[in-house]
Amino acid sequence: MSKTKQQLVIRPENSLDIREVYKKKSGRMKESFYEEELQKLHIELCKLQNWVKKYKKKIMIIFEGRDAAGKGGMIKALTEHLNPRGCRTVALSKPTETESTEWYFKRYISTLPSGGEIVFYDRSWYNRAGVEKVMGFCTQEQYKEFITQVANLENMIIASGTMIFKYFLDVGKEEQKRRILRRKTDPLRMWKLSPIDDKSLGLWNEYTEAFEKMFARTHTHFCPWVIVNTDDKKRARLNVARDLLSKIDYEDKDQTRVCLLPDPHIVWQYSEYQHYGDNPTKDILTQFKEHKKTKALKEKLRLDRQKDKKQEKKSLVGQKDQTPKTQEKPKKESGSQDKN
């Protein structure tokens with residue numbers, strides 16, 4: 001009988017030598033390891049899309065987060081090998097004058113997925129609970145109306161057969177500043193820069209408060225918020241893909257070839273918010289330091305053992321030289337023995 005393959009229950013980055021997975025200087029994931037794992041996840045994402053198309057399923061994946069947290073790059077990584085006829089990205093610009101007079105959710109309703117389609121949202125109706133509230137783009141009455149209606153709306157969408165996944169991409173204050181400043185000097189990233197980006201750097205605490213209220217009021221058992229630490233974008237992308245794939249029971253899922261267990265220090269539900277404030281990248285750097293100390297200690301022990309062996313050998317040689325030689329007894333002549 002052929003042995004059944006077991007599911008991978010240990011993340012590859014946890015089973016390999018840390019030097020094979022992460023960069024020593026920055027603590028970020030190496031490109032080679034990232035590409036290898038992402039390719040395996042792309043195969044599973046294609047299987048997911050085939051299942052969605054075959055059974056006319058509807059999936060919407062919302063990406064919210066702080067400015068420069070990597071929402072666009074996340075969506076690009078997940079959709080790289082998906083058929084564009086069965087998936088699309090929604091990134092609405094600010095509402096027109098006409099849209100501003102209409103029901104807030106109206107312009108989003110037409111973007112919802114049809115049967116056999118996956119839709120990725122680069123920001124969503126949660127703009128009202130984040131940037132619009134902090135920057136004063138909506139009134140307090142409009143904000144309250146949104147908070148009152150959004151959970152009911154999501155419940156109705158789910159009841160109609162659509163799966164909703166909500167990811168909030170979080171990033172550290174210093175890392176956000178570094179990325180925004182880079183956009184100002186990099187010609188290939190300048191298009192990402194907006195007037196709001198500069199202001200967001202000085203409104204860190206205001207955004208934190210707004211997001212905390214958003215989570216507390218819109219995190220439900222039927223449509224929970226999943227928080228993602230994106231200080232290391234590559235680790236974030238792998239773990240979001242793992243989290244998404246682990247939650248859907250699609251055909252031909254193969255967990256013997258790829259690990260679908262997300263790292264709880266990178267991805268976790270809002271209700272498990274104890275990891276807030278952790279810095280996984282610094283944790284990796286700390287592990288490198290500990291590895292260096294351990295290596296130095298082992299080398300010291302090796303040299304000490306080597307030194308002890310040399311001293312022991314030298315001592316034995318000295319003892320041998322000091323030992324007096326025993327005098328040999330004179331041999332009796334054979335002739336004399338015969339006479340006796």
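Helices (H or I, at least four residues) and strands (E, at least two) are taken here as DSSP runs, numbered from the N terminus. The model is a predicted one, so to speak of local features a pLDDT of at least 70 is needed, side-chain atom pairs count only at pLDDT 80 or more, and totals for chains, interfaces and linings use all residues. Residues are numbered from 1 along each chain as its sequence is written, and side-chain values use heavy atoms, with hydrogens and water left out.

An unreviewed UniProt entry puts the feature "domain: Polyphosphate kinase-2-related" at residues 30-255; UniProt positions follow the numbering used here, feature names are shortened, and annotations may be inferred rather than shown by experiment. Across residues 30-255 the chain is 51% helix and 14% strand, with the end C-alpha atoms 23 Å apart.

Now for the charged pairs. Side chains of opposite charge can pair when their charged atoms come close. With a salt bridge taken as a side-chain nitrogen of Lys or Arg within 4 Å of a carboxyl oxygen of Asp or Glu, the count comes to 22 salt bridges. One of them joins E175 and R28, at 2.9 Å from N to O. E175 sits in helix α9 (residues 173-185) and R28 in the loop between α2 (18-21) and α3 (31-54), so this pair ties together parts that are 147 residues apart in sequence. On the accessibility scale (buried under 20% relative accessible area, exposed over 50%, partly exposed in between; 1.4 Å probe, protein chains only), E175 is buried at 11%, while R28 is partly exposed at 24%. R28 and E175 also belong to a network of salt bridges that takes in R178 and R179.

A salt bridge also joins D170 and R66, with N and O 3.0 Å apart. This pair links distant parts of the chain, 104 residues apart: D170 is in strand β4 (residues 162-170), and R66 is in the loop between β1 (58-65) and α4 (71-79). Both D170 and R66 are buried. In the salt bridge between E99 and R107, the closest N and O atoms are 3.7 Å apart; E99 is partly exposed at 27% relative accessibility, and R107 is buried at 15%.

Next, the surface. Patches are made of residues with over 30% relative accessible area and no salt bridge, with like charges joined within 9 Å and nonpolar side chains (Val, Leu, Ile, Met, Phe, Trp, Tyr) within 5 Å. Lys and Arg count as positive and Asp and Glu as negative, while His and the chain ends are not counted; a charge is placed at NZ of Lys, CZ of Arg, CG of Asp or CD of Glu. K76, R182, K192 and K233 make up a positive patch. K76 belongs to helix α4 and is exposed, with a relative accessible area of 65%. A nonpolar patch brings together V9, I10 and L261, which share about 280 Å² of accessible area (Shrake-Rupley method, 1.4 Å probe; for residues, only the protein chains shown count as cover). I10 lies in the segment before α1 (12-15) and is exposed at 55%.

Two residues stand out by backbone angle. K56, which is not a glycine, has a positive phi near 55°; K56 is in the loop between α3 and β1 and is exposed at 57% relative accessibility. A68, not a glycine either, has a positive phi of about 65°. A68 is in the loop between β1 and α4 and is buried at 5%.
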